[in-house]
Amino acid sequence: MKEDLAIGVDIGGGSVKAGLFNRQGKELDKSVLKTNSELSNARFLEIIENTISPLLHDNQILGIGIGSPGPLDSETGHLLSSANLPLLKNVPISKTIQNHFSLPVYYENDANCAALGEFHFGESDSYDSVLVLTLGTGVGGGFVEKGRLFSGYKGNGIEIGHMTSVIGGAICGCGQKGCIESYFSTKGFINRYTEKTGVQLNNAEEFFNLVRSGDSEAKTILDFGILCLAETVRSAIHLLNPEGVVFVGGITESWDLFGTDLTNQIRSKIFPVLNERLKIRVGKNLAGSLGAASLVFSKGKRGSNE
């Protein structure tokens, strides 16, 4: 008997990545196509289709999972808009892809996909419930309990990156002030460093290299970011009461510079009784396409025509 397979599609700012996976999370094939900021709805959908097409060489595929940044409507399957692809408006992703390939399509926020992938295939596969934070260009979040993803109304829940950590603080990309994304993300670190020094950094690696070299401004920014993130995670823990908190994303590559301090601050701020069972750790940084494929494995069933 052949094994069940799923296609996962990860829509990012510069590319569409798709992978063909089995239920053990092994990637059997993959496909990548570049995107750019000038794409129309029609051309964008064509790129998604062309990324998926090379993977359709097996009849055991249960469905297609798709993850993208929001805002989106997971019920209707529309990408409402995109900060990185500004010409896109109300893109009918699910219906178009489902009609084109005659397979069930499941569409969610990329951070929700990351949480579900971590729950099924990562470091937290034994947890009853897990809060996953993605630390990268921005800050995302997802919550899974007993195998079920909490996605909020129409798929826009757990927007932890836009919880306020500093009243009246720095302007965030969302237009509001003081979001945690403004203090503990690639964009946040770069913008805060430019404010203090006038120097424009290119990426998070440059920022953390400055921290390693003893740059006092970079260290001050990181220390304040840790404080802000700890307060944000504290609030989320008290709201959701997860068994575990898992951090994933590119910034976790520098975990040695902030992980111990962040963990200690979180534990010092939450209700003491929660520390008796709460687990805090770094995840596996699974491929975004695997997170999207996990939507199929968690929702899709053989013979489904949803």
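## A pair within helix α6

Lys219 and Asp223 share helix α6 (residues 216-240), where four residues, about one turn of the helix, separate them. Helices here are DSSP runs of H or I with at least four residues, strands are E runs of at least two, and both are numbered from the N terminus. This is a predicted model, in which local features need pLDDT of at least 70, side-chain atom pairs count only at pLDDT 80 or more, and totals for chains, interfaces and linings use all residues. Residues are numbered from 1 along each chain as its sequence is written, and side-chain values use heavy atoms, leaving out hydrogens and water.

Lys219 and Asp223 form a salt bridge, with their closest N and O atoms 3.0 Å apart. The term means a side-chain nitrogen of Lys or Arg within 4 Å of a carboxyl oxygen of Asp or Glu. Lys219 is partly exposed at 39% relative accessible area, and Asp223 is partly exposed at 30%. Buried means under 20%, exposed over 50%, and partly exposed in between (1.4 Å probe, protein chains only).

## Two further salt bridges

The whole structure holds ten salt bridges. One of them joins Asp4 to Arg23, with the closest N and O atoms 3.4 Å apart. This pair links distant parts of the chain, 19 residues apart: Asp4 lies in the segment before β1 (5-11), and Arg23 in the loop between β2 (15-22) and β3 (27-34). Asp4 is buried at 16%, while Arg23 is partly exposed at 37%.

In helix α4 (residues 186-197), Arg192 and Glu195 sit three residues apart, and their salt bridge has a closest N and O distance of 2.7 Å. Arg192 is buried at 10%, whereas Glu195 is exposed at 56%.
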